[in-house]
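Me: I am new to this structure and would like to go through it slowly, asking at each step what a label rests on. Please set each value against its definition.

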Amino acid sequence: MLCFPNAKINLGLHVVTKRTDGYHDIETCFYPIPLHDALEIVPSADFSFSQTGLPLDTEPSNNLVVKAMNLFRRSCEVPPSAVYLKKAIPFGAGLGGGSADAAFMLKLLREYTSYSVHADKYTMSATHLTDNNKTSETHLTNNNATSATRLTDNTAISATPLTDNELEAMAAEIGADCPFFIRNTPLIASGIGNIFHPITLSLQGYTIYIIKPNVYVSTRDAYAMVNPSKPSASLHDILQRPVHEWKDILINDFESGIFRQYPIIAQCKQYLYDCGAIYAAMSGSGSSVFGLFKNANHHSMPNPQPPSVNRHCVPNEQSPSVDRHCELDPQSLPPNCFIWQCPL
């Protein structure tokens, strides 16, 4: 059984306040993009996990896919399986690749097994779509009994599939942005990134270019460089304006501090504007930047491809419309950049 976890970009990111628990309240828009990993699960004699593709700076046992599998198995019986992950979404890019892999693992397991958790096991929180700010904490119980064999009032629990709400509650145990990938539609996120509000937003008609320089930005350090403040305008209202008006009003608060610390990221963003981007920004806390180009004019960008530069253009089976040769000029960019493009 095979699926293709996709990346996301952040459209605007406001760091609003620092909380007493050490976390920060933010406001951002998560927008899914068609840059995909590949994730497969097959029957096996024993449980195993292997990863290929772009390298990850973590041990396989610490991969969020493994964490998602173990979390699912705490409540649902899963037969011995082998899991294979092929990475095309770069690590440490602000594109949510790890969270996407974990969320898609949960969704894949829902299809893969006929077992589920009884609906009463979870009390839903604002980790799923909500139109208000009322939240409640949800935690999975440490119960290794399977839902298909546990008894309630001497009656076997019905083996019905987990709902999206239940998967979101499970995904929230893995990471704040992980539940977003369960429904995988554009959302405004607030709180610590775990309170979701729907938004009607489409970037169809644009081509996205992503550049990730070969630098890593610590999320902890990124927050340390920001002075939290309440935005003067609603992110929702800003996103309703035409894309060509976003340049000076749709802001990522992490950029100013990170650009001072890592000017190479600022150079990549400016390069996208120099090539004609309608809007460009850093995604999350970096280190990737993206540019939005109108489809009618993005082919006018320079196209030399010196062989001395390591290019990572990663089309895949789920993105048949990807132009398989990138049109950015690698000579104008730092060495070893990840570069990717696709119509939205």
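Me: Why is I174 called buried?

Reply: The relative accessible area of I174 is 12%, and buried means under 20% relative accessible area, with exposed over 50% and partly exposed in between, for a 1.4 Å probe and protein chains only, so I174 counts as buried. This is a predicted model, in which local features need pLDDT of at least 70 and side-chain atom pairs count only at pLDDT 80 or more, while totals for chains, interfaces and linings use all residues. Residues are numbered from 1 along each chain as its sequence is written, and side-chain values use heavy atoms, with hydrogens and water left out.

Me: Where does I174 lie, and which residues is I174 in contact with, leaving aside its neighbours within four places in sequence?

Reply: I174 lies in the loop between α3 and α4, where helices (H or I, at least four residues) and strands (E, at least two) are DSSP runs, numbered from the N terminus. Contact means heavy atoms within 4.5 Å, and, with neighbours within four places in sequence set aside, I174 has contacts with L64, K67, A68, L71, A102 and L106. From C-alpha to C-alpha, I174 and L64 are 7.4 Å apart in space, although 110 residues separate them in sequence.

Me: What makes I251 partly exposed?

Reply: I251 has 36% relative accessibility, and therefore counts as partly exposed. The residue lies in the loop between α6 (235-239) and α7, and touches G12, L13 and H14, not counting residues up to four places away in sequence. The C-alpha atoms of I251 and I238, which are 13 residues apart along the chain, are separated by 9.9 Å.

Me: Why does N336 count as partly exposed, and what is its phi?

Reply: The relative accessibility of N336 is 38%, so N336 counts as partly exposed. Its phi is positive, about 65 degrees, although N336 is not a glycine, and the residue is found in the loop between β13 and β14 (338-343). N184, placed in the loop between α4 (180-183) and β9 (187-190), is a residue other than glycine with a positive phi, near 60 degrees.

Me: Why is α2 called oblique to α3?

Reply: The axes of helix α2 (residues 97-112) and helix α3 (residues 164-171) come within 10 Å and cross at roughly 135 degrees. Axes are lines fitted to C-alpha atoms, for helices over the stretch in contact, and angles run from 0 to 180 degrees between N-to-C directions. Angles under 35 degrees count as roughly parallel, over 145 as roughly antiparallel, 65 to 115 as roughly perpendicular and the rest as oblique, and that makes α2 oblique to α3. In this pair, L106, K107 and R110 in α2 meet D164, L167, M170 and A171 in α3.

Me: How do the axes of α1 and α2 cross, and which residues meet there?

Reply: The axes of helix α1 (residues 64-73) and α2 come within 8 Å and cross at roughly 35 degrees. On the α1 side, L64, V65, A68, M69 and F72 meet a set of α2 residues that includes G98, A102, M105 and L109.

Me: Which residues have the most contacts inside the largest nonpolar core?

Reply: The largest nonpolar core has 56 residues, and those with the most contacts inside it are L11, I33, L239, W246, Y279, F290 and L292. A nonpolar core is a set of buried Ala, Val, Leu, Ile, Met, Phe, Trp, Tyr and Cys residues joined through side-chain atoms within 4.5 Å. A second, separate core of 36 residues includes F30, L39, A100 and F196.

Me: Which residues of helix α7 are buried, and what covers them?

Reply: In helix α7 (residues 254-261), F254, E255, G257, I258 and F259 are buried, and their cover includes β2 (6-18), α5 (219-224), α8 (263-274) and β12. Over the chain of 344 residues, buried residues make up 52%.

Me: Where does the pLDDT stay under 50?

Reply: pLDDT is the predictor's confidence in each residue, from 0 to 100, and it stays under 50 over residues 115-158. Over residues 298-326 the pLDDT is also below 50. The chain averages a pLDDT of 81, with 76% of the residues scoring at least 70.
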